[in-house]
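These are my notes from a first look through a structure that was new to me. I kept to a few places and wrote down what I looked up at each.

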Amino acid sequence: MLSDPTATVQGVTSCSPQLTFDELGTPLRDVTFCVVDLETTGGSHRTDAITEVGAVAVRGGSRISELGTLVDPGVRVPADITRLTGITNAMLHDAPPLGAVLPSVLDMLRGSVLVAHNAPFDTGFLKAACERLERPWPGPPVLCTARLARAVLPHTECPSVKLGTLARHFGCATTPDHRALTDARATVEVLHHLLERIGNLGVQSLEELLQLVRDRAPHRPTTTQRRRRHLANDVPSEPGVYLFRGGDGQVLYVGTSGDLHRRVRSYFTAGEKRRRVRDMLVRAEKVDTVVCAHALEASVRELALIAAHRPPYNRRSRNPGRAYWVAPTAEAFPRLSVVATPRAGALGPFGSQRAATDVLDAALDALPLRRCTIRIPARNPSATPCALHELGRCAAPCAGLQPAEDYAPAVHAWGDLVAGRDDGPLRVLSAEVDDRSAGGRYEAAARARDRLATLAAGVDRGGTLAALAGIDELVGARPDGRGGWELAVVRHGRLAAAGNAPRGVRPMPVVEALRTGAQTVLPGDGPLRGAPSEEVRVLHRWLTTGGTRLVYCDPPWAEPAWGGGAWREWADRAREASHRTGDRSPDEPAGI
């Protein structure tokens, strides 16, 4: 069982989507942002002290942990500060000292991006506290939401970038009140609204985000940008996909937007500062567009166009659609291998060969399958046993010491695990975690825990996507925010049709028309029935978020009872524990 060694942190589990493309930089969806707000006795970190700490960690749009506590500053709070914050000396009488609170804050910051509104103020106090208490500063990247707002929002739209002003401007649910946790929560909402804006600018990685803030000073459009403005003239104000083409017709860049005209026009303004994009505009001679019914159709079409054209200025176009799988080999004594083409008994998809290898290694810790790569004949194998046999970790089928009928149960156990019929291998690893933890072998328990989390997440992902790909036909309806519905027909993990039922239009006749005219999808081989893994993931995300409703589904959508879904919360908590205790000493508990 996982336990949180930091009692003041309340964990909230979340499941963030996995990347499916090779990208440069750190994708924003994979970044953990730790939003911090401090209340203090004054404005100088050299002479004043912290009275309250609020911190909220978010990743992929979901809150994963939170901390809020008063802090005994060791000095009296000035009256003007009490009037501003409402924090009195009486409130701080029984509060913990900073030395008891700071370790929890630093744990949240490790591996995260520190976010604060007027970040130099908060980082100054935290660094000074580390220095006084002789704690190492973890040195996280720092993002100031005030500077980000000034970089993203035109002055005419929002003249002030004060936290309260931004919260009102974006209609945030949390109103800042000069209390640390409340202000941190409000900053999280402001951050998410600002990240939506930079998404429209094509900023997709942490490195680009930090560079945008560093280069926030206004500048004029380049000569190339001014000369290319006419390329946006005929672009419609509709959702869809846009393609920048060079003089030879080559597709240079592919993107999507809910408003094609506004998005394409933004490339020719002073707000576009990325060198990669400016280099692309030098070669661009034309912009083609594909109008789509809604964002889901645009995302699916974007995937197909990137795979078809491999545009040089898309970071994710080097190996479009590449996925890896862990599958048993076809021989008398099968072993597990990482393959690029799924086959019977394959588990995946995984976005990188490293991720697939990690799952393979975890599976071999739970199943008595051979690790060697030699081909063992069905009859009279006569190889020399390797060192693993001497260590009792292999029954040496290569030397004829284990017949095929004794080896077969391990192969069947792998098939049952992948198909969701039996999670026995996961329970084997779980028992190993418990045994090592009970014996005080915390480092070994942590390694077993991490292997179990890796394998459980892989089984969960594979079973979830395979379940969707196995459905003959499914119709989803998502509210469009204007009283109407966005509609999608999905067949075997492929988008077969997309449409809209605007407000006032009866949706069911539109649904039936879409089903009638939808693309015929013939299922292929493999767990995903031949569908591209990226497309299945995009469809699954759309169907399970945003209030999407199932209008029709045949056969019923169901996931295996003994698949990875039952381990999802455990795996999420295990990853959080691994993140928190990454620098523990050998005799500290592994968060189990």
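This is a predicted model: local features need pLDDT of at least 70, side-chain atom pairs count only at pLDDT 80 or more; totals for chains, interfaces and linings use all residues.

**Entry 1: a sheet.** I looked up strand β10, residues 324-328, and found that two bridges join β10 to β12, the two strands running antiparallel. Within this pairing, Val-326 stands opposite Leu-347 of β12. I then asked in what order the strands of this open sheet lie, and the order is β11-β10-β12, three strands with antiparallel pairing. The edges are taken by β11 (336-339) and β12 (347-350), and each has a single partner strand, so one side of each is left without a neighbour in the sheet. From one strand to the next, the twist averages 25°. I also looked for what lies across these strands, and found helix α12, residues 353-366, which lies across β10, β11 and β12 and runs at about 170° to β11.

**Entry 2: confidence.** I checked the pLDDT of the protein chain, which averages 86, with 89% of the residues scoring at least 70. Over residues 1-24, however, the pLDDT is below 50, although this stretch has 75 contacts in the model beyond near neighbours in sequence. Residues 583-592 also have a pLDDT below 50, and that stretch has 29 contacts beyond near neighbours in sequence.

**Entry 3: aromatic rings.** A search of the whole structure gave me nine aromatic pairs. One of them is formed by Phe-121 and Phe-125, a tilted pair at 4.9 Å centre to centre with 50° between the planes. Both belong to helix α3 (residues 119-133), and because they are four residues apart there, about one helical turn separates them. Is Phe-125 buried or exposed? Phe-125 counts as buried, at 2% relative accessibility, whereas Phe-121 counts as partly exposed, at 26%.

I next looked up Tyr-253 and Tyr-267, which form an edge-to-face pair at 6.3 Å centre to centre, with 65° between the planes. This pair links distant parts of the chain, since Tyr-253 is in strand β8 (residues 251-257) and Tyr-267 is in the loop between α9 (260-266) and α10 (275-283), 14 residues apart. Tyr-253 counts as buried at 6% relative accessibility, and Tyr-267 counts as buried at 0%.

**Entry 4: a charge and a ring.** Lastly I looked up Arg-515, whose charged end sits over the ring of Tyr-552, 3.9 Å from the ring's centre.

Conventions:
Residues are numbered from 1 along each chain as its sequence is written. Side-chain values use heavy atoms; hydrogens and water are left out. Two strands pair if DSSP finds at least two bridges between them. Axes are lines fitted to C-alpha atoms, for helices over the stretch in contact, and angles run from 0 to 180 degrees between N-to-C directions. Contact means heavy atoms within 4.5 Å. pLDDT is the predictor's confidence in each residue, from 0 to 100. Rings of Phe, Tyr and Trp (its six-membered ring) pair if their centres lie within 6.5 Å; planes under 30 degrees apart count as stacked, over 60 as edge-to-face and the rest as tilted. Buried means under 20% relative accessible area, exposed over 50%, partly exposed in between (1.4 Å probe, protein chains only). A charge sits over a ring if NZ of Lys or CZ of Arg is within 6 Å of the ring centre and within 35 degrees of the ring normal.
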